[in-house]
Amino acid sequence: MAKVLEMIFVTEEGKTATISVDNPKPVNVNTIKLAMEQLIAGNVFVSSSGDFVDLKAARIVERNVEEVELI
């Protein structure tokens, strides 16, 4: 099972931008929120729709893959 932490931000143009982190360590909501706020404050990433200006959402996505054997 693969896990991905998706951090979703609002940009200067009002659009969204997502940063994905593969196989995140277990963390709580406060840690994720703090990390996202630090990314905004540090102006670390730039998207085609401008700088990150606000938090929109965060989610952990799990994906299960089951191989099917074809005969």
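Is N43 buried, exposed or partly exposed? Hold that thought for a minute, everyone. A quick word on what we're looking at: this is a predicted model, where local features need pLDDT of at least 70, side-chain atom pairs count only at pLDDT 80 or more, and totals for chains, interfaces and linings use all residues. Residues are numbered from 1 along each chain as its sequence is written, and side-chain values use heavy atoms, with hydrogens and water left out.

Okay, N43. N43 turns out to be partly exposed, with a relative accessible area of 39%. For the cut-offs, buried means under 20% relative accessible area, exposed means over 50%, and partly exposed is in between, using a 1.4 Å probe and protein chains only. You'll find N43 in the loop between helix 1 and strand 3, residues 46-47. Helices here are DSSP runs of H or I with at least four residues, strands are runs of E with at least two, and both are numbered from the N terminus. N43 isn't a glycine, yet its phi is positive, about 50 degrees.

There's another asparagine to look at. N23 has a phi near 45 degrees, again a positive value in a residue other than glycine. N23 sits in the loop between strand 2 (16-22) and helix 1 (29-41), and with 59% relative accessibility it counts as exposed.

On to helix 1 itself. Helix 1 has 13 residues and spans 18 Å from first C-alpha to last, close to the 18 Å expected at 1.5 Å a residue; that expected span is 1.5 Å times one less than the number of residues. Which residues of helix 1 are buried? They're I32, M36, L39 and I40. Turned away from the buried side, you get the exposed residues N30, Q38 and A41.

Now the strands. Strand 1 and strand 2 pair in the antiparallel sense over seven bridges; to count as paired, two strands need at least two bridges found by DSSP. They form a hairpin with four residues between them, and G14 in the turn has a positive phi of about 80 degrees. F9 stands opposite A17 in strand 2.

Keep an eye on F9, please. How many aromatic pairs does a search of the whole structure find? Two. Rings of Phe, Tyr and Trp (its six-membered ring) pair if their centres lie within 6.5 Å, and planes under 30 degrees apart are stacked, over 60 edge-to-face, and the rest tilted. For F9 and F52, the ring centres are 4.6 Å apart and the planes are at 15 degrees, so that pair is stacked. F9 is in strand 1 and F52 in strand 4, so the pair ties together parts that are 43 residues apart in sequence. F9 counts as buried at 0% relative accessibility, and F52 counts as buried at 8%. F45 and F52 are stacked too, at 6.3 Å centre to centre with 25 degrees between the planes. F45 counts as partly exposed, at 35% relative accessibility. Ring pairs link F9, F45 and F52 into a cluster. That's my tour, thanks!
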